[in-house]
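Me: I'd like to learn how to read a structure like this one, feature by feature. Can you walk me through it?

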Amino acid sequence: MFELHVTERFSAAHHLRGYGDPCEQVHGHNWKVTAFVECERLDAVGLGIDFRVLRRHLRDVLADLDHRDLNETSWFRETNPSAEHLARHIFERLAGRLGGGPAALVRVLVQEGDDSGAAYRP
Ligand SMILES: [Zn+2]
């Protein structure tokens, strides 16, 4: 089994309702998002999935979040845009885009900085 990943970034504001200071105040992060895919077979070139293809899909998903106040988006009006919920949201949207291709999305890691993050896998 091969595991491949790509990392992209986006910038957005959020706040966590019910958390208490300081994360209940609106603040921003430069989020770092890594998508992991697995594949058993490689194509004739030796690739599991073209990194450019995976990166394009991840960029498209993140474009809807970039430079937004995440709490104001339709996805996070009720649900807190925590790293955990963001990871699940990005996973579900990215999995839908990859469909039934040769490489399956297995995990999405969302980091608020270099030292902390949350991953989601179904
Ligand atoms: Zn935060």
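Predicted model: local features only at pLDDT ≥ 70, side-chain atom pairs only at ≥ 80, totals over all residues.

Me: How many residues does helix 2 have, and how far does helix 2 reach from its first C-alpha to its last?

Reply: Residues are numbered from 1 along each chain as its sequence is written, and side-chain values use heavy atoms, with hydrogens and water left out. Helices (H or I, at least four residues) and strands (E, at least two) are DSSP runs, numbered from the N terminus. The expected span of a helix is 1.5 Å times one less than its number of residues. Helix 2 has 16 residues and reaches 22 Å, close to the 22 Å expected. After helix 2 comes glycine 99, with a positive phi near 60 degrees.

Me: Which residues of helix 2 are buried, and what do they pack against?

Reply: Buried means under 20% relative accessible area, exposed means over 50%, and partly exposed is in between (1.4 Å probe, protein chains only). In helix 2 the buried ones are Ala83, Leu86, Ala87, His89, Ile90, Phe91, Leu94 and Leu98. For packing, look at contacts, meaning heavy atoms within 4.5 Å. The buried residues of helix 2 pack against strand 1, strand 2, helix 1, strand 3 (104–111) and strand 4 (117–120).

Me: Now helix 1. Which of its residues are buried, and which are exposed on the other side?

Reply: Start with the general idea: an α-helix has 3.6 residues a turn, so residues three or four places apart point the same way. In helix 1, Leu54, His57, Leu58, Val61 and Leu62 are buried. They cover an arc of only 135 degrees around the axis, which puts them on the same side of helix 1. That arc is taken from the directions from the helix axis to the C-beta atoms. Over on the other side, Arg52 and Ala63 are exposed. The cover over the buried residues of helix 1 includes strand 1 (2–14), strand 2 (27–39) and helix 2 (83–98).

Me: What happens at the start of helix 1?

Reply: There, a side-chain oxygen of aspartate 50 comes within 2.8 Å of the backbone nitrogen of arginine 52.

Me: Let's zoom in on leucine 62. Is it buried or exposed, and which residues does leucine 62 touch?

Reply: Leucine 62 has a relative accessible area of 3%, so it is buried. Setting aside residues up to four places away in sequence, leucine 62 touches Glu8, Arg9, Phe10, Val33 and Ile90.

Me: How do I read salt bridges, and how many does the structure hold?

Reply: Side chains of opposite charge can pair when their charged atoms come close. The cut-off is a side-chain nitrogen of Lys or Arg within 4 Å of a carboxyl oxygen of Asp or Glu. The structure holds 5 salt bridges. One of them joins glutamate 8 and arginine 55 at 2.6 Å, N to O. This pair links distant parts of the chain, with glutamate 8 in strand 1 and arginine 55 in helix 1, 47 residues apart.

Me: Which residues are linked with Glu8 in a network of salt bridges?

Reply: The network links Glu8, Arg55 and Arg59. For glutamate 8 and arginine 59, the closest N and O atoms are 3.3 Å apart. Glutamate 8 lies in strand 1 and arginine 59 in helix 1, so this pair ties together parts that are 51 residues apart in sequence. Glutamate 8 is buried at 12% relative accessible area, arginine 55 is partly exposed at 27%, and arginine 59 is partly exposed at 47%.

Me: Which residue forms a salt bridge with aspartate 60?

Reply: That's arginine 97, the closest N and O atoms being 3.4 Å apart. Arginine 97 lies in helix 2 and aspartate 60 in helix 1, so the pair ties together parts 37 residues apart in sequence.

Me: Last one: which residues are the protein donors of the zinc ion?

Reply: Donors are N, O and S atoms within 2.8 Å of the metal (3.2 Å for Na, K and Ca), and water is not among the atoms, so sites may look incomplete. The zinc ion has His14 (NE2), His27 (NE2) and His29 (NE2) as its protein donors, lying 2.0 Å from it. Their spacing in sequence is H-x12-H-x1-H. Histidine 27 is partly exposed at 22% relative accessible area, whereas histidine 29 counts as buried at 16%.

Note on methods:
Polar contact = N/O pair within 3.5 Å; in protein donor to acceptor, adjacent residues only side chain to side chain.
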